[in-house]
Amino acid sequence: MNRFVKKIEDMTALSREQTDEAIEKVNELEAISKENISRKSKWEKVKPIIAFAMDKGADLGIAILTLIVQMKLGV
């Protein structure tokens with residue numbers, strides 16, 4: 001998880017506020033991955049995070065999608 005936070009902090013296209021919000025989303029993904037709920041329920045929680053990341057740019061979108069795939073969250 002730390003390497004994703006570091007990667008996000010190094011993204012120069014994001015403002016400090018956007019960086020903090022992106023790190024918060026990474027923390028949300030970690031919490032979702034630990035929940036004992038169905039993959040479908042996890043996917044419902046993950047979709048807005050993907051939308052947020054894609055709205056902020058390709059670099060953040062790719063980082064978040066990579067994290068989601070590695071965590072096997074609803075995908």
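Me: In which helix does T19 lie?

Reply: T19 lies in helix α2; helices are DSSP runs of H or I with at least four residues, numbered from the N terminus. This is a predicted model, in which local features need pLDDT of at least 70, side-chain atom pairs count only at pLDDT 80 or more, and totals for chains, interfaces and linings use all residues. Residues are numbered from 1 along each chain as its sequence is written, and side-chain values use heavy atoms, with hydrogens and water left out.

Me: Why does T19 count as buried?

Reply: Buried means under 20% relative accessible area, exposed means over 50%, and partly exposed lies in between (1.4 Å probe, protein chains only). T19 has 3% relative accessibility and therefore counts as buried. Leaving aside neighbours within four places in sequence, T19 is in contact (heavy atoms within 4.5 Å) with I8, E9 and L14.

Me: What makes K25 count as buried?

Reply: The relative accessibility of K25 is 16%, so K25 counts as buried. K25 is also placed in helix α2, and K25 touches I49 and F52 when residues up to four places away in sequence are not counted.

Me: Why are α3 and α4 called roughly antiparallel?

Reply: Axes are lines fitted to C-alpha atoms, for helices over the stretch in contact, and angles run from 0 to 180 degrees between N-to-C directions. Angles under 35 degrees count as roughly parallel, over 145 as roughly antiparallel, 65 to 115 as roughly perpendicular and the rest as oblique. The axes of α3 and α4 cross at roughly 155° and come within 7 Å; the two helices are therefore roughly antiparallel to each other. Among the residues that meet are V46, I49 and F52 in α3 and L60, I64 and I68 in α4.

Me: How do you know that α1 is roughly antiparallel to α4?

Reply: Helix α1 (residues 2-9) and helix α4 (residues 58-71) pack at about 175°, with axes 10 Å apart. That angle makes α1 roughly antiparallel to α4. The contact is formed by R3, F4, K7 and I8 of α1 with L60, A63, T66, L67 and Q70 of α4.

Me: Where does α3 bend?

Reply: α3 bends by about 30° at V46, and a proline, P48, follows within four residues. The bend is the angle between axes fitted to the seven residues ending at a residue and the seven starting there.
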